[in-house]
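Hi,

Here is the structure I promised to hand over. Have a look at it first, and then read on for what turned up.

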Amino acid sequence: SIGADVLPTAFNGSDRWVGLMTRYTDDGNHYYVTLRDSNVLVFKRMVDGVYTEMNAQALDVVAGRPIHLRLQSSGSLHTVYVDGR
């Protein structure tokens, strides 16, 4: 599992994001979650260079508001936590 306190201070452009990654094997194989300024939390996997969106959920992303983000990968289960939930 990996976690971080994220504090977006500004967004320059459209659909900018911050994210966390687990099970990184190489540039073409990993899992990751992104918190996007388009107000969505997205969980994806990349296998052999091909992205697959596993889940997406609306989430208010506001510059200046801190968020604790955590991605936990255990076996075939991947869980995303935002502020402990």
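Before the details, one cut-off: a residue is called buried when its relative accessible area is under 20%. Please also keep in mind that this is a predicted model.

With that cut-off in hand, the residue I would point you to is arginine 36. Its relative accessibility is 10%, so arginine 36 counts as buried. You will find arginine 36 in strand 3, which covers residues 29–36. Leaving aside residues up to four places away in sequence, arginine 36 touches Asp15, Arg16, Trp17, Val42, Lys44 and Val61.

Now for the chain around it. Of its 85 residues, 32% count as buried. Among the contacts with a separation of 6 or more, 37% are between residues 24 or more positions apart.

On overall dimensions, a compact globule of 85 residues would have a radius of gyration near 12 Å, and the 13 Å of the protein chain agrees with that. Along the principal axes, the C-alpha atoms fill a box of roughly 35 × 30 × 20 Å.

Last, surface and charge. The protein chain has an accessible surface of about 5,400 Å², and carbon and sulfur atoms hold 48% of that. There are 8 positive and 9 negative side chains, with the centres of the two sets 4 Å apart.

Best wishes

How values were computed: Residues are numbered from 1 along each chain as its sequence is written. This is a predicted model: local features need pLDDT of at least 70, side-chain atom pairs count only at pLDDT 80 or more; totals for chains, interfaces and linings use all residues. Side-chain values use heavy atoms; hydrogens and water are left out. The radius of gyration is taken over C-alpha atoms; the globule rule is 2.2 Å times the number of residues to the power 0.38. Buried means under 20% relative accessible area, exposed over 50%, partly exposed in between (1.4 Å probe, protein chains only). Contact means heavy atoms within 4.5 Å. Accessible areas come from the Shrake-Rupley method with a 1.4 Å probe; for residues, only the protein chains shown count as cover. Lys and Arg count as positive and Asp and Glu as negative; His and the chain ends are not counted. The place of a charge is taken as NZ of Lys, CZ of Arg, CG of Asp or CD of Glu. Helices (H or I, at least four residues) and strands (E, at least two) are DSSP runs, numbered from the N terminus.
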